[in-house]
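Please read the following report with the model open beside it. It moves from whole chains down to single residues.

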Amino acid sequence: MNRQFRTLAALAAALLVSVTGTVAQESTVYATTIKSGLFIVGSQTPKAGVFFQHPSADTVWQHTGPTHTRGFSVDVNRATNGKIKYLAAGNGVHRIDETAGTWRTVTDWRITEVLDVTSAPSDANTVYLACAYGVWRSKDGGTTWAESGKPGMTPGYTSKIIIDNANENRLYCASHEGAYRSDDGAATWKKIDGLTMHGILTITQHPKDPKILAVGTEDNGIYLSNDAGATWKKLESGVDHSTFYAIAFDPQQPETMYASGYVTGVYKSVNGGGSWRRMNDGLTDLTIHAIAVDPRVSDRVYAGTFSAGVYRSDDGGSHWRYAGLPGAQVWDVKIVK
Amino acid sequence: MKQSSLFLTIACMLLLASLIHTPASAQTSDEYEKAYLARAQRLNSYLDTAANPGIYGAAYRYAMKKDLRKADSLFLNCDQIMNPKGDMFWMFPVIGTYLNGKDLMSADVKAAVRNTWKTYAPYRGDTENHWAMYYASLYLAAEQWPDLPGSEWFNGKTSDENRIEAKEYLIHWTKVTTTIGQGEFDSPDYFPEYAISMSLLAQFAKDPDMRKRGEMMLDYIYLDAAVDHLAGMYVGGYSRIYQPAVFKPFLSGFTGFAWLYFGTGDPYTGGWAVLSSLSPYRLPKIIYDIANDRSKPFVNKERKRVRNVIRYGTEKNPPVNKISYITKDYGIGSLDGGLQQPIQIHTWSVRYTFGKPYSTIFGLHPYWSGKELAMFFPEEQKTMIADVTGSKTTYNSEDKWTGGSPFERTFQHKNSLIVLYDIEPGTTTEHIDGFFPKNLELRLIDPTGWIMCKAGDTYVGWYALQPGEWSQKKEDEDNYRFRSHKLQNGYVIEVRSKDEAGSFEKFCEQLRAHIPSSTLVPGKVSVAYRTLGNDKMFFGFPGTRTLNGKTVDLTKQKLFDSPFAQADVGSEALTITYKGQKRMLDFKKLTVTDK
């Protein structure tokens, strides 16, 4: 009965969203899937790409943008209150215009296997992408693109690109060759010397202190820097795994961090990475590529799994429950206030 | 059926059969054309009577200008229009059928087809053949529906934007192929994807340059196959091949195209070759003659390229060097080895005309790794094996019959081949396998160490450098599997025909007199061997190759180098020669010159 009630409430919430466009006091959760199971509201067609929901929708998600693509990540542009989104996908970048209800592929044959995309918080037309062949930038909303990376970067497999919280001209990216920083809007790049290993998979910035950065690596664990990348410390206390795809800070309590990766389940630290504890109760798939904390509700955490869709915890990771997109391979989860 | 009709039908069939089977060299141009048309008609004849011939039934009727209302009905109600799916595999039959019938079909059908290109968003895919199909189809569609805004296209781009992008990519692909080679080269299973894409471009492009480019690329890929096939079987190695076609060579998609254009192999019906068979493109007779002339053994050398390496490598497209030796009875071919394509690469094989369907002998190191996949695919290396095995189920099987290995290298000289392995301990897997079909006439294990095989008029010798055992696995009921667990390993292969060796007994005698000497310790694996042709081969793993004391420099290998074809790396050109005739393709000038 409880489950039926929850489903009814979720459907009611979804209906409310579709009528009003928003739900007061709720964040919006975005999940990007490489491939999906058969479930989606109103359709039996297996869609992939970008899905979104409000937490009250429980396991019910809606889809936006291209219906049939290997979606890696989504950027929800802040300057437009999310009306403009960019989807990084296997076949390029797609710009989604929610106001017009349209989307458009904004890259051509030169750009493919796009793993991440981000737009400037103040300008939806300034866009950066990371792909299997390096980094590109656009100043006109994707109409034209220029290859970035030179000088300073070895062009190659780049899986993550972020814009500094405090300085829109500063960017960081994670690549197979290492981590890089740009101080001039991706015109030039400099390798972050303190990280000497290959296979930097993700890079994350502290929500309040821009000097604090964390990276997840292939086979080398998690590293943290307190000085904008000048020096790094490996976070080892309580960590029994080595490959990490995602790291998230709690926006309200940034000393709380979550990390996840290959068969890791979810690791949580409440002391800024000083020590970690695994919190997997309820998870059915321990390979987790994406993790995000609700900026409105500190203990609400979403995890995107490799093969079992989205999971959610409402108690800071102590317990997890299935949150929809059955069978989906989730690459990215973002939660927008 | 009336008696006179029956007589007429039989007479026609006999005429067709005689045309189909007229020897190539004896055919006039007129006979060549008639024989081709006869094969095309036979290939498509089932479409007249099939209960539900689907979209190809519509394309065929439009092309033949018959049963047009039936064609409309078939097109309008086919899966591709009713329930679009399949991405670029959806795109080419839809645009191909549309273009065959656009001046004949009803307005309703036209509107329904147009609507699918607005509402169904096909994915571009992640392989070279995907992109060839996607962009050739998109180019033709954008030409057909010009001046439409982005709102009328599945990707939001205007007709002009789609056409320009597709054209740019197709020109880029042509240039890459004719300067450093195809990445998905010599693929028995993926040949049709290129053949159809270029066929549609050659037939339907409005832009004469693009039409010409399509025709020239058809010449290019059919020539590539003509110098590397035996009776409709592509001779290995291959960039990509599905497991069934590895040990049953005639199962591949290439077989139908070889029958249609080369007239080789068994008659073929339907399949993807339908769209190509409706095209006015005619294989130049010089290529047909090359494909059919196996009167003298010849060596064919080729340079191709590795698929784009996106990590764990130092070069985006390292070269792949292939060598084949082809006679009328057999072909033996090899790639130089290493990780050159993920999943489905096949490094070497012997193919012969005897003993269908298992007309092959080959060996491999059945290797797999997430790192191998991550070299070529963008997803996470540790989860990629699970991803891949969802569709390529044998990828991580220790018993698989396809796949390359970083611990495998080859050295081939004519019909003698040395394959060496220096396998890292702990890798997947710690054994090598050899495939011997059970329908061999003879498979003798000689005390000298040679395994001596007789397959009709083809004789194969296999000298294992390390001991192994003959597997009795359940899945090996149609073949013998020779498995050796030594990590430093290898074998020497000799192939001769009855014409070359005189008899099987003489072949065996020769083998007994030619015993390789080897060094097999980690990091130091080598073989010195005097071939049956008395050439001295030395091969040190991974890349030391000498022939009669001279270093064999693979870096100088050309895109094509054979009695029939010449193309230099970077040339964007191909010269085809046969018995004093010459056809030159110049992709820079976009010209074809016949002499």
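This is a predicted model: local features need pLDDT of at least 70, side-chain atom pairs count only at pLDDT 80 or more; totals for chains, interfaces and linings use all residues.

**Chain B as a whole**

Chain B contains 20 helices and 26 strands, and its C-alpha atoms fill a box of roughly 75 × 65 × 50 Å when this is taken along the principal axes. A compact globule of 595 residues would have a radius of gyration near 25 Å, and because chain B has 25 Å, the value agrees with that expectation. Of the 595 residues in chain B, 53% are buried. Among the contacts in chain B with a separation of 6 or more, 66% come from residues 24 or more positions apart.

The chain is divided into domain 1 (1–44), domain 2 (51–292) and domain 3 (298–563), and the C-alpha centres of domain 1 and domain 3 of chain B lie 41 Å apart.

**A helix and a glycine in chain B**

Helix α11 of chain B, made of residues 191–204, has 14 residues and reaches 20 Å from its first C-alpha to its last, which is close to the 20 Å expected at 1.5 Å a residue. Is α11(B) mostly covered or mostly uncovered? It is mostly covered, since 14 of its 14 residues are buried.

B:Gly403 sits in the loop between α18 (381–389) and β8 (408–413) of chain B. Although it belongs to a loop, B:Gly403 counts as buried because it has 26 C-beta neighbours inside 10 Å, where 20 or more are needed. Leaving aside neighbours within four places in sequence, its contacts include B:Ile343, B:Leu364 and B:Trp368. The C-alpha atoms of B:Gly403 and B:Tyr238 are separated by 9.9 Å, and these two residues are 165 residues apart along the chain.

**Chain A and its contact with chain B**

The contact between the chains takes 24 residues from chain A and 17 residues from chain B. On the side of chain A that touches chain B, strand β7 (residues 102–105) gives the most, with 4 residues, and the residues of that side divide into 10 nonpolar, 11 polar and 3 charged.

Chain A also has an open sheet of 4 strands in the order β8-β9-β10-β11, with antiparallel pairing. Its edge strands, β8 (114–120) and β11 (146–147) of chain A, each pair on one side only. Strand β10 (residues 134–138) of chain A is joined to β11(A) by 2 bridges, and A:Arg137 stands opposite A:Ala146 in β11(A).

Most residues other than glycine have a negative phi, and most peptide bonds are trans.

| Site | Feature | Angle |
|---|---|---|
| B:Gly236 to B:Gly237 | cis peptide bond | omega near 5° |
| B:Phe541 to B:Pro542 | cis peptide bond | omega near 0° |
| A:Ala228 | positive phi | phi near 60° |
| B:Ala231 | positive phi | phi near 55° |

A:Ala228 is found in the loop between β18 (222–225) and β19 (233–235) of chain A, and B:Ala231 in the loop between β1 (229–230) and β2 of chain B. A:Ala228 counts as partly exposed because it has 17 C-beta neighbours inside 10 Å, whereas B:Ala231 is buried, with 23 other C-beta atoms within 10 Å.

Conventions:
Residues are numbered from 1 along each chain as its sequence is written. Chains are lettered from A and ligands numbered from 1 in the order in which they are written. Two residues are in contact if their C-beta atoms, placed from the backbone, lie within 7 Å. Ala, Val, Leu, Ile, Met, Phe, Trp, Tyr, Cys and Pro count as nonpolar, Asp, Glu, Lys and Arg as charged, and the others, Gly among them, as polar. Two strands pair if DSSP finds at least two bridges between them. The radius of gyration is taken over C-alpha atoms; the globule rule is 2.2 Å times the number of residues to the power 0.38. A residue is buried if 20 or more other C-beta atoms lie within 10 Å of its own, exposed if 12 or fewer, and partly exposed in between; C-beta atoms are placed from the backbone. The expected span of a helix is 1.5 Å times one less than its number of residues. Domain bounds come from an automatic or database domain assignment.
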